[in-house]
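Keep the sequence beside you as you read.

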Amino acid sequence: MSKAEENADLAALAEIDRLVHEPARLAVMALLYVVDSADFIFLMNQTGLTWGNLSAHMAKLEGVGYIEVKKAFKGKRPNTTLRLTDKGRLAFLKYALHMKHVFGDFHG
Amino acid sequence: MNTQLNLKELERKAFLTTYQDGLWDLLFGLIVICMSVSFYRPASGYSPLNIVMFSCSMVLANVLFWAGKMFITLPRMGQVKFGARRRKRVLTMIIVLSVVVLVQVALFSFQLAAWANPELGAKLNESLPKSDAIGLLIVASISALMVGPSIILVAYFIDFQRGYSIAIMMALAVFLMVYLNRPIYPIIIGILIALPGVVLLVRFLQKYPLRREEASHE
């Protein structure tokens with residue numbers, strides 16, 4: 001295999017969306033991909049992330065427009081609802097297909 | 001170890017966590033106990049008081065269930081809205097159950113008409129076996145069949161696995177209520193249905209404590 005071909009293979013890895021690739025964010029996006037919307041507490045319980053951690057990841061995903069965050073009050077309690085945007089849905093799908101393509105014929 | 005990310009399984013797992021609070025078991029258990037009041041035929045004769053007590057206790061059971069969901073489950077476990085597939089299943093369940101309820105109402109109306117019209121009642125009695133025991137057995141079986149399959153349908157559409165065993169126990173409770181006319185049996189069955197719910201609720205409260213971080217938006 002020529003050096004150019006080797007570089008082309010590795011270039012496929014460089015194209016991976018790093019925002020989605022991070023395990024905690026991937027977990028959040030995978031969950032939001034399969035549900036319509038979920039609130040902060042539900043995501044914390046499902047992913048096992050701490051409040052601060054989830055909050056930081058949520059800010060990053062919201063920053064690039066992958067998720068939509070709605071803050072409201074339920075009675076006297078604040079409630080934050082998260083939903084995957086169309087852009088986020090597409091990014092997650094692209095990421096999944098890309099990873100499948102990269103490791104398509106990998107047999108260890 | 002399965003390292004594949006199975007999205008369908010992920011959704012199902014998230015959905016099943018909504019049953020961890022045991023409130024559905026408690027509701028079905030309470031419904032059976034309420035029904036024992038409704039189906040009991042006192043020696044003095046069946047009175048409208050049975051229906052009034054049944055209606056009141058059913059309303060109370062449902063209020064307790066929704067209050068539990070609102071004040072115990074949601075603040076601890078959070079809220080989630082599932083996708084179109086789940087909503088479609090619930091809609092299908094509503095349509096199927098509406099048909100079932102219509103059939104049940106039609107049967108009940110027929111029974112009321114037989115009470116109100118002695119001629120029709122006499123004809124209906126003629127069609128039943130002469131033996132009281134066999135007649136009661138038929139009525140008890142029909143009553144059990146009205147309840148059991150409905151709950152099985154609910155369990156199927158809401159993906160509630162324990163619902164199948166609850167449906168069988170409820171059908172048995174109704175059968176015993178009508179056939180033996182002793183409320184103690186359905187009450188025991190109601191308690192047996194509710195008991196796992198109590199255990200699950202205690203576990204749920206331990207597993208999901210109230211979170212203080214929610215004092216402000218993150």
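A residue is buried if 20 or more other C-beta atoms lie within 10 Å of its own, exposed if 12 or fewer, and partly exposed in between, with C-beta atoms placed from the backbone. Helices (H or I, at least four residues) and strands (E, at least two) are DSSP runs numbered from the N terminus.

This is a predicted model, in which local features need pLDDT of at least 70 and side-chain atom pairs count only at pLDDT 80 or more, while totals for chains, interfaces and linings use all residues. Residues are numbered from 1 along each chain as its sequence is written, and chains are lettered from A and ligands numbered from 1 in the order in which they are written.

Which residues does Val32(B) touch, not counting those up to four places away in sequence? They are Met170(B), Ala173(B), Pro186(B), Ile189(B), Gly190(B) and Ile193(B), where contact means that the C-beta atoms, placed from the backbone, lie within 7 Å. In soluble globular proteins, nonpolar side chains tend to be buried together.

Helix α7(B) has 19 residues and reaches 27 Å from its first C-alpha to its last, close to the 27 Å expected at 1.5 Å a residue (the expected span is 1.5 Å times one less than the number of residues). Among its buried residues are Gly163(B), Ile166(B), Met170(B), Ala173(B) and Val174(B). The cover over the buried residues of α7(B) includes α2, α6 and α8 of chain B.

Now look at the loops. Asp159(B), in the loop between α6 and α7 of chain B, has a positive phi of about 60° although it is not a glycine. Asp159(B) counts as partly exposed because it has 14 C-beta neighbours inside 10 Å. Asn181(B) sits in the loop between α7 and α8 of chain B, and its phi is also positive, near 55°, in a residue other than glycine. Asn181(B) is partly exposed because 15 other C-beta atoms lie within 10 Å.

**The two chains side by side**

Here is how each chain is built.

| Chain | Residues | Buried | Elements |
|---|---|---|---|
| Chain A | 108 residues | 30% | 6 helices and 3 strands |
| Chain B | 218 residues | 22% | 8 helices and 1 strand |

Read along the sequence, chain A follows the pattern α-α-α-β-α-α-β-β-α, and chain B runs α-α-α-β-α-α-α-α-α from the N terminus on. The C-alpha trace of chain B spans about 70 × 35 × 35 Å along its principal axes. Of the contacts in chain B between residues at least 6 apart in sequence, 71% join residues at least 24 apart. In chain A, residues 24 or more positions apart account for 52% of the contacts with a separation of 6 or more.

**Where the chains meet**

Strand β1(A) is joined by 3 bridges to strand β1 (residues 80–82) of chain B, and the two run antiparallel; strands pair if DSSP finds at least two bridges between them. Lys81(B), in β1(B), is the bridge partner of Ser37(A).

**How confident is the prediction?**

The predictor's confidence in each residue is called pLDDT and runs from 0 to 100. Chain B averages a pLDDT of 86, and 92% of the residues score at least 70. In chain B, confidence is lowest in helix α5 (residues 118–127), at a mean of 75, and highest in α8(B), at 95. The model scores ipTM 0.81 and pTM 0.80. Where pLDDT is low, the predicted coordinates should not be read in detail.

Terms used:
Contact = placed C-beta atoms within 7 Å.
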